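Thanks for coming. I will go through one model this morning, starting with its strands and ending with its helices.

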Amino acid sequence: MTCVKESVLGRALLLVCTAVFHSVQSSAQVSIEVRRTADGADDYVCWAPVEARVRLASAGNANASVQVSVEAGGTPDGGLVAFQTAQDRPLAATHNPAASIAVTITSAWTNFWVSGQRASKGAKDVQILVRDQSGATLATLPVMVRVRKNADRLTDFEISLFMAALAKLKDQDGPSPSYSSYWRLHGAAARLGIHKSPLFLPWHRAFLLDLERRLQEIDPRVTVPYWRYDLPSSKIFTSEFMGVTEVGGEFSPGGQMGSWADDELGRLLRDPGERPADGINVGLSADALDERYLFFQPQLENRFHNPVHRSVGGWLAGPSAPADPLFFLIHGNVDRLWAHWQWKHAHFDPQNELSYSAQGTHPGSGPDAGYYPRGVYVRDTMWPWYAGPGDGHWPAAGHSMKSGLSGTIVQPTTPESQLDYMGSHGGTDLGYCYDDMGYTGLPLARS
Ligand SMILES: [Cu+2]
């Protein structure tokens, strides 16, 4: 069986694994793996099905086979996973996971699919269990259903994990990319057409994923939460999280945000006259957004995004916006709104101009030909995820996205690669999901 070492829980898990191991010595020894590795560092799943496999690990009779069931263990309010046997990766139309599946295991690997059903609470709180026909547990593998959540509904523990990972990234000067490189990249990209163009959404999707993977490298339990800025919030603008703004007074973030500063920009600035915790009136329902990308993108950018940057003010009102970590919570929500719109209109096909209006590669085809700079068209590589020298329009790129512990990296990083973010329509699963949008497009109860 596979015993997993996790940074904090390592000792406890090792004990659990050892205990289970002893109890099954009399019967079969069974191994479970997620993503074809014995390494627990990639045992994180979202709603999208992820490949897992099981086999008899004991040497001995090579012809042995055992009838087992694969099921989930955990707690009633923690994470939950479900299973499916299928040759090919199930897509939205074929996804049909069950609480348990019957499998005949041998000394060769047998594959199955595991997908999240309910979000974990900041730890590997769900187990993949293999039981024999008497119900005895033959093997157990802890996993985490790691989803992006509403920042206002995070537990104090989840907030502390996120803030600790952020602080660690901020303190690290050496490993690349550092926190400050994110606002520098955004500032440079702002001159290349990432705003006021179709590129706005896919570029920021990749950018968010880039930071999220960097944070997960520090703590794999962390995701970037989203700020529902259209609603009042009680938890986000506190000294434990994104800081407090006193109306008519100073911006006095307290806690960790109180000492947040940048070598070049100085101390964190926000507009002291605003109370973001009250919510920001965007004056438009998300349901009213146009179903054509050409019109949807500027609506989302101008009505649901620009006023938020302006209202919070300070760093967030300029091209160095990502220097304020609140940037990533804002863009988490922008990306979530895009994801909801994609589901509502089934807009995942990058070859359909209703899903993404700038078709082809630069200078493009159709009515938009020649209109946008390089990088905007659906099959263009987006800077800075671009391996190569500068060429007059693009600077030389010294930045590459981390492959992540469980996220697949798509090369080259094009707008096309970002559209079908869970791979539910045949694209590549980027390894993230939202707590209110399931794999098959069914709205989910937020946890
Ligand atoms: Cu923005």
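I start at a turn. Strands β8 and β9 form a hairpin, and five residues lie between them. Glycine 135, in that turn, has a positive phi of about 95 degrees. Before going on, the ground rules. This is a predicted model, in which local features need pLDDT of at least 70 and side-chain atom pairs count only at pLDDT 80 or more, while totals for chains, interfaces and linings use all residues. Residues are numbered from 1 along each chain as its sequence is written. Helices (H or I, at least four residues) and strands (E, at least two) are DSSP runs, numbered from the N terminus. Two strands pair if DSSP finds at least two bridges between them.

β8 and β9 run antiparallel and are joined by six bridges. Isoleucine 128 has leucine 141 of β9 as its bridge partner.

How much of β8 is covered? Five of its six residues are buried, so the strand is mostly covered. Buried here is a count: 20 or more other C-beta atoms within 10 Å of the residue's own, with 12 or fewer called exposed, anything in between partly exposed, and C-beta atoms placed from the backbone.

Leucine 129 sits in β8, residues 126–131. It is buried, because 20 other C-beta atoms lie within 10 Å. Leaving out residues up to four places away in sequence, leucine 129 touches Glu71, Ala72, Gly73, Thr137 and Thr140. Contact means that the two C-beta atoms, placed from the backbone, lie within 7 Å. Glutamate 71 is 58 residues from leucine 129 along the chain, and their C-alpha atoms are separated by 5.2 Å.

Now the whole sheet. Five strands make an open sheet with mixed pairing, in the order β2-β9-β8-β4-β6. The edges are β2 (44–45) and β6 (100–105), each with a single partner strand, so one side of each has no neighbour in the sheet. β2 pairs with strand β9 (residues 137–145) in the parallel sense, over two bridges. Valine 45 has valine 145 of β9 as its bridge partner.

There is another sheet to describe. Four strands form an open sheet in the order β1-β3-β7-β5, and the pairing is antiparallel. Here β1 and β5 (80–84) are at the edges with a single partner strand each, so one side of each is left without a neighbour in the sheet. Neighbouring strands of this sheet are turned against each other by 35 degrees on average, direction ignored.

Which residues of strand β3 are on its covered face, and which on the uncovered one? In β3 (residues 50–56), Val50, Ala52, Val54 and Leu56 make the covered face, and Glu51, Arg53 and Arg55 the uncovered one. Strand β1 (residues 30–34) pairs with β3 in the antiparallel sense over five bridges, and isoleucine 32 has valine 54 of β3 as bridge partner. Strand β7 (residues 110–118) pairs with β3 in the antiparallel sense, over five bridges. Arginine 53 stands opposite asparagine 111 of β7, and alanine 52 stands opposite phenylalanine 112 of β7.

On to the helices. Axes are lines fitted to C-alpha atoms, for helices over the stretch in contact, and angles run from 0 to 180 degrees between N-to-C directions. Helix α4 (residues 200–218) and helix α8 (residues 326–345) have axes that come within 10 Å and cross at roughly 130 degrees. That makes α4 oblique to α8. For the wording, under 35 degrees is roughly parallel, over 145 roughly antiparallel, 65 to 115 roughly perpendicular, and the rest oblique. From α4 the contact takes Leu201, His204, Arg205, Leu208 and Leu211, and from α8 Phe328, His331, Gly332, Val334, Asp335 and Trp338.

Helix α2 (residues 156–171) packs on α4 at an angle of about 95 degrees, with the axes 9 Å apart. That makes α2 roughly perpendicular to α4. Ala165, Leu166, Lys168 and Leu169 of α2 meet Arg214, Leu215 and Ile218 of α4.

Last, the totals. The chain has nine helices and 11 strands, and 47% of its 447 residues count as buried.
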